[in-house]
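Here are some notes to read with the structure open beside you. Please take the points in order and look up each residue as it is named.

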Amino acid sequence: MAAMAQSWATKAGIGKVAMFFWVLLAALPLAGFVTDSPSFDYYMFMGQSMLIYAIAVLGLNLLIGFNGQISLGHSAFFAVGAYTAAILMNFGGVPYWLTLPIAAGVCFGAGFLFGFPALKLEGHYLALATFTLAIAVPQLLKYKAIAGWTGGVGGLLLDKPDPPFGIPLSADQYLYYLCLVVAMVVFWGVFNLLRGRSGRAIMAIRDHGMAAGTMGIDTGLYKTVTFGISAGITGVAGALSAITIAYVAPDSFTLQLSISFLVGLVVGGIASLPGCVIGGAFIVVVQNSSQSISDWMKDTFSLRYDVPAWAIYGTLLLLLMFFLPNGIAGGLAVLRARLGRGSRQS
Amino acid sequence: MDFFIQQIAAGLTNGAIYACVALGLVMIYVSTDHINFAQGEMAMFATYLAWAMIDAGVSYWVAFGATILIAFASGLFIQRVILKPLETAPVLALVVCFIALLSIFNALAGMIWSFTIKQFPSPFPQRDVFGNGLVSVQQIGVVTVTLLMLCLLTVFFRFTTLGLAMRAAAQNATSARLMGVRVSWMLALGWGLASAIGAIAGMLVAPIVFLDPNMMTGILVYGFAGALVGGIANPLGAVAGGFIVGVLENLVGSYIIGNELKLSFALIMVVGVLLLKPAGIFGRVIVKRV
């Protein structure tokens with residue numbers, strides 16, 4: 001994976017493809033004006049989830065893929081973001097859109113603070129500490145002393161926001177656009193961060209921490225700040241999920257959420273920005289079609305049991321690590337390089 | 001005072017189980033430098049196998065022995081088939097593999113045996129030892145089994161050629177290979193042993209916490225904490241660490257923070273030890289050569 005130093009994020013020329021892609025995503029809800037399918041709002045909701053997961057995976061990718069710090073605890077920052085938004089909306093009467101930057105700030109702080117001890121930890125140890133964090137968080141959220149704010153085991157129920165200024169969109173169409181705009185801003189920000197001097201420093205630390213230090217990069221500061229930014233981005237995704245689902249509860253933020261981010265990261269591609277969108281979409285598709293995948297597998301392999309989504313995730317992770325360690329985006333990049341070489345020779 | 005003694009006894013019982021889990025983690029860490037996140041789920045799966053056997057009418061101790069053998073074989077198998085090809089892979093690939101194994105075992109157990117809680121029989125009677133309600137036979141039994149296993153392992157590593165070969169492979173793979181030790185197979189044996197120890201831990205804890213696919217998640221975290229407190233490169237230290245964590249967890253839980261925040265306490269212990277004394281109480285500080 002160190003060979004991914006030449007990542008798409010730092011290459012020029014991808015702009016047109018990316019632009020086309022974002023325009024396509026922005027045009028999707030317009031289909032709602034020509035179709036009268038009753039499940040259209042549900043598709044919009046799936047779209048929101050995909051974008052939210054894409055943002056969360058982006059946060060994780062910034063840390064793992066670009067900075068080389070392994071975290072299995074990003075469900076915790078997702079939870080902090082979601083609860084920040086929920087508590088502000090529920091008790092503070094803060095408008096939903098204002099909760100996003102606040103959640104980003106709170107999670108940046110939380111990530112920065114957790115990043116401090118993480119500085120001394122590397123590789124397996126960091127994975128271990130964050131693994132523990134992911135397991136401790138649901139229990140912490142249920143704690144009685146803060147149940148007045150968090151709603152305890154039952155969680156908090158919120159109101160779904162309506163489109164402002166009388167825009168003629170359904171609530172789900174509008175929320176899709178909200179997620180899309182936030183995703184574009186975050187992706188644009190990370191793209192620019194990685195393209196510049198700071199981005200090169202972040203990646204240099206991943207490739208060879210000690211060499212980066214000798215070149216004058218303050219590795220400690222860069223690592224904690226990257227941890228903070230990563231947590232902040234994932235926190236924004238958490239806040240968006242609280243707004244779109246209009247409900248938060250402790251048991252949505254388990255280790256399994258962290259694992260699904262990791263699945264998105266590995267499937268999409270480590271250290272790839274387009275890979276985050278692929279990964280985000282993938283998580284939602286598998287979650288929603290796990291029943292039909294299970295049925296198909298039962299028929300094809302004449303199994304006696306239902307195949308749970310987690311077995312599919314796990315098997316897929318293993319297969320990818322063996323056959324496609326750079327994920328779908330990495331595979332596409334290899335394919336593109338091969339095709340490009342072929343056409344030049346001819 | 002009675003309450004205090006009860007808490008210590010319960011803490012030692014839990015500690016024995018954490019010690020087993022920690023020992024399994026250390027086995028794998030010493031030989032390969034990996035932290036096996038799937039240790040808990042592998043133990044859980046083995047415990048389900050034991051349950052299925054007992055449910056089918058096999059006697060407890062036969063099922064106990066058979067499960068340990070199956071767990072040993074599957075640990076060996078996992079190392080040979082999944083981890084050996086990744087020997088030179090970066091840390092992230094290994095962590096992803098362990099997480100994948102964790103998901104697969106958890107999902108498989110739920111798929112085959114459903115997620116409903118099951119009762120697991122205990123070989124030890126529930127009655128008191130002294131008749132004053134302080135210490136039960138069950139608790140003494142769990143601690144005894146752990147200590148017995150520790151003695152067996154010590155004998156194995158100290159006094160057998162195979163044990164010596166395994167230690168050599170873990171300490172200096174290149175020299176061991178030059179001396180004719182098949183290092184790669186020694187690592188596989190380590191995995192087999194770790195998996196078998198995990199199975200014992202699972203079968204000891206299942207009567208206490210009941211059997212369900214998520215029963216080992218919290219225990220694994222305490223096992224981590226125990227291994228780190230004692231020193232993750234030191235088997236005896238890990239066992240001591242497991243007992244320390246078990247007792248502390250119970251005392252802190254019942255006197256200071258209450259049972260609802262026990263996992264957060266484990267988190268604080270893990271982060272605290274990693275920060276303040278990464279080598280653990282009994283571990284040696286390893287100086288990295290650049």
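1. Before the helices are compared, one term is needed: an axis is here a line fitted to C-alpha atoms, for helices over the stretch in contact, and the angle between two axes runs from 0 to 180 degrees between N-to-C directions. Please also keep in mind that this is a predicted model.

2. In chain A, helix α7 (residues 171-195) packs with helix α10 (residues 219-245) at an angle of about 175°, and their axes are 11 Å apart. Angles over 145 degrees count as roughly antiparallel, and α7(A) and α10(A) are therefore described in that way.

3. Which residues meet where these two helices pack? From α7(A) come Leu175(A), Cys179(A), Val182(A) and Val186(A), and they meet Ile233(A), Val236(A), Leu240(A) and Thr244(A) of α10(A). Sorted by class, this contact has seven nonpolar residues, one polar residue and no charged residues.

4. Leu194(A) also belongs to helix α7 of chain A.

5. Turning to the two chains, 41 residues of chain A are in contact with 37 residues of chain B. On the side of chain A that touches chain B, α5 (123-141), α11 (255-268) and α13 (309-323) each supply at least two residues, and α5(A) gives the most, with 13 residues. The residues of this side of chain A divide into 31 nonpolar, six polar and four charged.

Methods: Residues are numbered from 1 along each chain as its sequence is written. Chains are lettered from A and ligands numbered from 1 in the order in which they are written. This is a predicted model: local features need pLDDT of at least 70, side-chain atom pairs count only at pLDDT 80 or more; totals for chains, interfaces and linings use all residues. Two residues are in contact if their C-beta atoms, placed from the backbone, lie within 7 Å. Helices (H or I, at least four residues) and strands (E, at least two) are DSSP runs, numbered from the N terminus. Ala, Val, Leu, Ile, Met, Phe, Trp, Tyr, Cys and Pro count as nonpolar, Asp, Glu, Lys and Arg as charged, and the others, Gly among them, as polar. Angles under 35 degrees count as roughly parallel, over 145 as roughly antiparallel, 65 to 115 as roughly perpendicular and the rest as oblique.
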